[in-house]
Amino acid sequence: MKLSCTITALLLFCSSWSQAQTQLLRQPTISQDHIAFVYANDLWLVAREGDQAQRLTTDEGAERNPHFSPDGGQIAFTAQYDGNVDVYVM
């Protein structure tokens with residue numbers, strides 16, 4: 001009985017920890033070759049095959065809602081800099 005309670009508690013902890021980790025990477029968008037996502041209010045880019053993610057933005061403002069152009073060559077996103085929310089393309 002005690003072992004079963006311990007295992008159940010461990011599974012619940014691992015499940016909630018795993019979900020908490022996943023929530024850090026938000027708003028993914030996928031092109032033919034890359035995945036862009038928001039982490040810590042900045043945009044990041046990684047190859048679809050997996051690799052080291054590279055940070056695309058470092059401004060004080062919050063970037064969100066990235067979307068690839070149809071050809072995958074550009075990323076449009078909204079960002080809040082100096083109180084304004086605008087659309088940017090890179």
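Tyr39 is partly exposed, with a relative accessible area of 32%; partly exposed lies between buried, under 20%, and exposed, over 50%, with a 1.4 Å probe and protein chains only as cover. The model is predicted, so local features need pLDDT of at least 70 and side-chain atom pairs count only at pLDDT 80 or more, while totals for chains, interfaces and linings use all residues. Residues are numbered from 1 along each chain as its sequence is written, and side-chain values use heavy atoms, without hydrogens and water.

The ring of Tyr39 pairs with that of Trp44: their centres are 6.0 Å apart and their planes stand at 70°, so the pair is edge-to-face. Rings of Phe, Tyr and Trp (its six-membered ring) pair if their centres lie within 6.5 Å; planes under 30 degrees apart are stacked, over 60 edge-to-face, and the rest tilted. Trp44 is buried, at 17% relative accessible area. The structure has three aromatic pairs, and ring pairs also join Phe77, Tyr81 and Tyr88 into a cluster.

Leu25 lies in the loop between helix H1 (2–22) and strand S1 (26–30). Helices (H or I, at least four residues) and strands (E, at least two) are DSSP runs, numbered from the N terminus. Leu25 is partly exposed, with a relative accessible area of 48%.

Asp42 belongs to strand S3 (residues 42–47) and is buried, with a relative accessible area of 6%. Apart from neighbours within four places in sequence, Asp42 is in contact (heavy atoms within 4.5 Å) with Phe37, Arg55, Thr57, Thr58, Asp59 and Glu63.
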